[in-house]
Amino acid sequence: MSADTPRRIVLLRHAKADWPQVSDHERPLAERGRKDAPVAGRRLAETGIPFGLALCSTATRTRETWKLAVQELSDRPRTVYEERLYEASAGEIIALLNETPEDVRDLLVIGHNPGMHAVAEALSGAAEGDTRTRMNRGGFPTAAFAVVSFTAPWKSLEIGVGTLTDYWTPNA
């Protein structure tokens, strides 16, 4: 792919988690999360984005979200479970995105807040329509996702280079 290849990143926050007496990393989805994750998967399918790769945090709630959401996609992307997504800052997530293989055009990231919201905001130098207003007003709730497009190699991905093209939440 050339340096001016259009690329998309979809930043999906895990669905609603429960609060049992386990470590934060091991928290499972709550009943609402188990309902919202497939809905998010159907909405991801409706975008028509052909994901070349999915990066998923190793936390239980993100893995469970992905397991339920991916069943709604017609094509299952290669999935990498990435420990560095757990409790990652926006800068750490962008550094991880810079490692994406150049043959990947569309990337799905399943992670946590505040990282997902912070990365969507940081990468989006521009926004289509009212997407930024809706995203910032909603605060990026569980099972929400943002789509950021940009035209550059992955290693050149940095603050402000993208356009926020879509924002969705199951509560909208």
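Student: Buried or exposed: which is A69?
Tutor: This is a predicted model, in which local features need pLDDT of at least 70, side-chain atom pairs count only at pLDDT 80 or more, and totals for chains, interfaces and linings use all residues. Residues are numbered from 1 along each chain as its sequence is written, and side-chain values use heavy atoms, leaving out hydrogens and water. The relative accessible area of A69 is 0%; buried means under 20%, exposed over 50%, partly exposed in between (1.4 Å probe, protein chains only). So A69 is buried.

Student: Which residues does A69 touch, not counting those up to four places away in sequence?
Tutor: A69 sits in helix 2, a DSSP run (helices: H or I, at least four residues; strands: E, at least two; numbered from the N terminus). Contact means heavy atoms within 4.5 Å. Beyond four places in sequence, A69 touches A37 and G41.

Student: Which strands does helix 2 lie across?
Tutor: Helix 2 spans residues 60–70. Its direction is about 145° to strand 2 (53–57), with axes fitted to C-alpha atoms, for helices over the stretch in contact, and angles from 0 to 180 degrees between N-to-C directions. Helix 2 lies across strand 1, strand 2, strand 3 and strand 4.

Student: Which strands stand at the edges of the sheet?
Tutor: The open sheet has seven strands in the order 3-2-4-1-6-7-5, with mixed pairing; two strands pair if DSSP finds at least two bridges. Each edge strand has a single partner, so one side is left without a neighbour in the sheet. The edges are strand 3 (78–82) and strand 5 (124–127).

Student: In strand 4, what is the bridge partner of L12?
Tutor: Strand 1 (residues 6–13) and strand 4 (residues 106–111) run parallel, joined by six bridges. In strand 4, L12 is partnered by I110.

Student: How many Å apart in space are P6 and D106, C-alpha to C-alpha?
Tutor: P6 lies in strand 1 and is partly exposed, at 43% relative accessible area. P6 and D106 are 100 residues apart in sequence. In space, their C-alpha atoms are apart by 8.8 Å.

Student: At what angle do helix 4 and helix 5 pack?
Tutor: Helix 4 (residues 115–123) and helix 5 (residues 131–138) have axes 11 Å apart. H117, A120 and E121 meet R132, M135 and N136. The packing angle is about 155°.
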